[in-house]
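Here is a short briefing on one structure. Look at the sequence and the 3D view first, then read on.

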Amino acid sequence: MCKLLRLLVMVLLVPVLLAGCLAPGAESVEPRVPTDAEVEQYNASVAPAERIVCRREIPVGSNIPKRLCRLVKDVEETSTFHREQLRRSLH
Amino acid sequence: MRIPAHRILLLLTAVYVACGISVAFAQTAIPGNSQDSFDNFRPIDYERLLETALVAIESGEFESARQSISDSLQIIKVNHGLLSVEQFPALQLITQTAIAQHDWPALDQHLAYFEWLLGKLEPADIESYLSGAEILNNLYLSAAADSNNPQNAHYLIAAKQLNWRAVTAMEQRFGKTSLRLAPWLYDIVLTHYYQTTLTRRKGMTSYDYKSTTPVIVSGWSLSKNESLEQSYSIGQELLQRIRALYADSTAASASTDAQILLLIADWELLFGKGNSAEALYRMAYASLQQANVDKATLLTWFAQPLIIPQREFIASGPVPPQRSNATLNLIAWSAVFPGALQPPGLAGNLALPTTKFSATARLNLVSNNVSTLSSNAIAPNVFSYGISNLSIESMTPDNELVASMARSQIAELQFRPLLIDATVIAASDIRLHYVFAADTDFSMLTDAK
C-alpha cells in the first residue's frame with residue numbers, strides 16, 4: 001500500500017517538477033527562423049549592412065546545432081567590440 | 001506695372017546663359033563625335049546606328065561599335081526620355097561590347113546605369129522593368145561566364161540578386177501565387193547550380209558571395225560544404241514552391257506535376273542524393289502512367305538522354321530533344337562553369353563567339369557509377385547515374401590534347417536517368433558531339449605548333 005502510494009506521488013510529482021524546469025514564458029511560440037531562400041530574397045533588396053547571415057552553430061552548453069541568423073551590422077559591431085576589448089586587456 | 005531695367009537685364013542674361021549651356025550640351029553630349037549626319041535632337045533612326053554597331057562588333061571593330069552605340073543612346077535619351085525602355089537594346093549591346101573588350105570599368109559603369117534605370121522603372125511600369133531585368137540578368141551571367149573576368153562570383157551573385165528583386169516586385173504586383181513567378185524562381189535555382197560549380201573549386205566562399213559591393217563580412221565566410229548545403233536547400237525549396245504554384249492553379253495537370261517532379265529529382269541527383277532522386281523519377285513516371293499517358297509519349301519523356309540541369313523552365317510536356325541524326329549536340333557554355341550548357345537567349349541579337357575546337361564521343365550511361373558523380377555521392381549503396389566507357393571518336397583539330405580535354409569535360413556532364421516502365425535503365429552507344437566553350441584555354445596547343 002505504501003509502495004503504491006509512493007508510486008502515485010511520483011507519477012503526480014514528476015510532471016509538476018518537469019514543468020518547473022521550463023523557462024518562464026516558454027509556452028510562447030519561438031519566432032520562426034527564416035528559410036535560406038527567404039533570407040536570400042530579403043538580402044537582395046536591402047543595403048549590405050542591413051543584410052542577414054544565417055548559419056548553423058553549436059551553442060555553449062549543448063551539442064545540438066542551432067540555426068542562428070544575425071544582422072551583418074550586428075556581426076560587425078560585435079567583432080569590433082571584441083577586438084577593442086582584446087586590445088584594452090593587452091595594453 | 002513697371003519692371004526695373006536691371007531686372008530685365010538679369011533675365012536676359014539668364015536666358016542667354018541657359019541657351020548657351022543647352023547648345024554646349026548638345027555639342028559635347030557625344031564625346032569625340034565627328035559625324036555631321038545627325039544631331040541629338042533629330043529623331044533619326046537610332047536602330048540603324050545599332051545595326052551598324054552590330055556589324056562592327058562582329059568584325060571585331062569594337063571602338064567604332066561603341067561610338068555608334070553611344071550615339072544611338074544619346075538620341076534615344078533626347079527623343080524618348082531619360083527613362084525610356086528604348087535604351088534596353090543599346091545598353092545590352094554596349095555592355096556586351098565592354099565584355100568582349102575585357103573593359104571591366106566600363107562594364108561596371110554600364111551595369112550600374114542599367115540597374116539605376118530599372119530601379120526607376122520598377123514602381124511605375126512593371127512589364128518594362130521585367131523585360132529589362134531579363135536582359136540585365138543575361139548580361140550579368142555573360143560577365144560571370146567570362147574566364148578573363150576576375151570577379152566571376154560577384155557578377156553571378158548580382159544576377160541572382162536581380163532575379164530575387166524581380167520576384168519581390170512580381171509578388172507585390174501579381175501576388176505570391178502568380179504562375180509568372182515560376183520561370184524567375186527556376187532561374188534562381190539555375191544560378192545556384194552555377195554557383196556550386198564555382199564553390200566546388202574554393203575552400204571558403206569569399207565575401208563576393210554575400211554582397212554586390214566589396215564589403216567583408218568578418219568571421220562569417222561559409223565553408224565549401226555549408227555553401228553547397230545552402231544552395232541545395234534553396235534550390236529544393238524553390239522547386240517545391242514552383243510545384244505548389246502549379247498544383248494550386250488552373251494550369252494543374254498530371255504532366256505539369258510530372259515535369260516539375262523531374263526537375264526536383266534532377267536537383268537531388270546533382271547534389272548526390274541519388275536515392276531520393278530515383279524515388280522522384282519513379283514517382284513522375286507513375287503519375288503519368290496513372291494519368292493514362294500513352295506509351296509512345298512516355299518514351300519521349302523518359303527514353304532520351306538529357307543533360308541536367310534543364311536549361312529553362314518548361315511547365316508542360318517533355319523537353320524538346322537535344323539530339324539530331326542520333327547524335328547529341330552540346331555546346332559548352334564557359335570554362336568557368338564546367339558541365340553547364342549555354343543558357344538560352346543569353347547573347348540577344350549578338351552572334352555567340354564560336355570555337356573551332358570540338359570532339360565526337362561515344363559513351364554509355366549506367367546507374368551506380370559512383371566515380372563520375374559529384375564528390376558527395378561516395379556511399380556505394382547510393383543510387384547514381386553517370387557515364388561509363390567514354391571514348392573519343394574524332395576531334396577537331398586532331399590532337400591528343402583536345403581528346404584529353406574532351407574526356408575530362410564530358411565526364412563533368414550529368415545526365416537524367418532513362419526510364420522504361422518506371423525502372424532506370426542503362427543506355428549504350430550514345431553518340432555525342434561536344435563543342436568546347438569559346439574561352440577554353442587551348443594555348444598549349446598553339447604553343448606546341
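A residue is called buried when its relative accessible area is under 20%, exposed when it is over 50%, and partly exposed in between (1.4 Å probe, protein chains only). This is a predicted model, in which local features need pLDDT of at least 70, side-chain atom pairs count only at pLDDT 80 or more, and totals for chains, interfaces and linings use all residues. Residues are numbered from 1 along each chain as its sequence is written, chains are lettered from A and ligands numbered from 1 in the order in which they are written, and side-chain values use heavy atoms, with hydrogens and water left out.

**Chain A**

- Chain A has three helices and two strands. Helices (H or I, at least four residues) and strands (E, at least two) are DSSP runs, numbered from the N terminus.
- Their order from the N terminus is α-α-β-β-α.
- Chain A has 91 residues, and 15% of them count as buried.
- Take the contacts (heavy atoms within 4.5 Å) in chain A between residues at least 6 apart in sequence. Of these, 20% join residues at least 24 apart.

**Salt bridges**

- Side chains of opposite charge can pair when their charged atoms come close.
- A salt bridge here is a side-chain nitrogen of Lys or Arg within 4 Å of a carboxyl oxygen of Asp or Glu. The whole structure holds 19 of them over all chains.
- One of them pairs Lys160(B) with Glu40(A), with 2.8 Å between the closest N and O atoms. Lys160(B) sits in helix H7 of chain B and Glu40(A) in helix H2 (residues 36–43) of chain A, so this pair joins two chains. Both Lys160(B) and Glu40(A) are buried.
- Arg55(A) pairs with Glu226(B), and their closest N and O atoms are 2.6 Å apart. This pair also crosses between chains, from strand E1 (residues 52–57) of chain A to helix H9 (residues 224–247) of chain B.
- Is Arg55(A) buried or exposed? Its relative accessibility is 15%, so Arg55(A) counts as buried. Glu226(B), at 25%, is partly exposed.
- Within chain A, Glu57(A) bridges to Arg70(A), with the closest N and O atoms 3.5 Å apart. Glu57(A) is in strand E1 and Arg70(A) in strand E2 (residues 66–71), 13 residues apart. Glu57(A) is partly exposed at 24%, and Arg70(A) is partly exposed at 36%.
- Arg362(B), Glu393(B), Asp429(B) and Arg431(B) form a network of salt bridges.

**The nonpolar core**

- A nonpolar core is a set of buried Ala, Val, Leu, Ile, Met, Phe, Trp, Tyr and Cys residues joined through side-chain atoms within 4.5 Å.
- The largest one has 131 residues, and Phe337(B) and Ile410(B) have the most contacts inside it. Helix H6(B) gives the largest share, 12 residues.
- Which residues does Phe337(B) contact, leaving aside neighbours within four places in sequence? They are Ala144(B), Ala145(B), Leu156(B), Tyr194(B), Thr197(B) and Leu198(B).

**The second largest pocket**

- A pocket is an open set of points on a 1 Å grid over the protein atoms alone, where a 1.4 Å probe fits, with protein on both sides within 12 Å along at least five of seven lines; lining residues have an atom within 4 Å of a point.
- The second largest pocket is lined by 21 residues. Those nearest its centre are Glu134(B), Asn137(B), Asn138(B), Pro183(B) and Asp187(B).
- Helices H6 (126–145), H7 (152–174) and H8 (181–199) of chain B each supply at least two lining residues.
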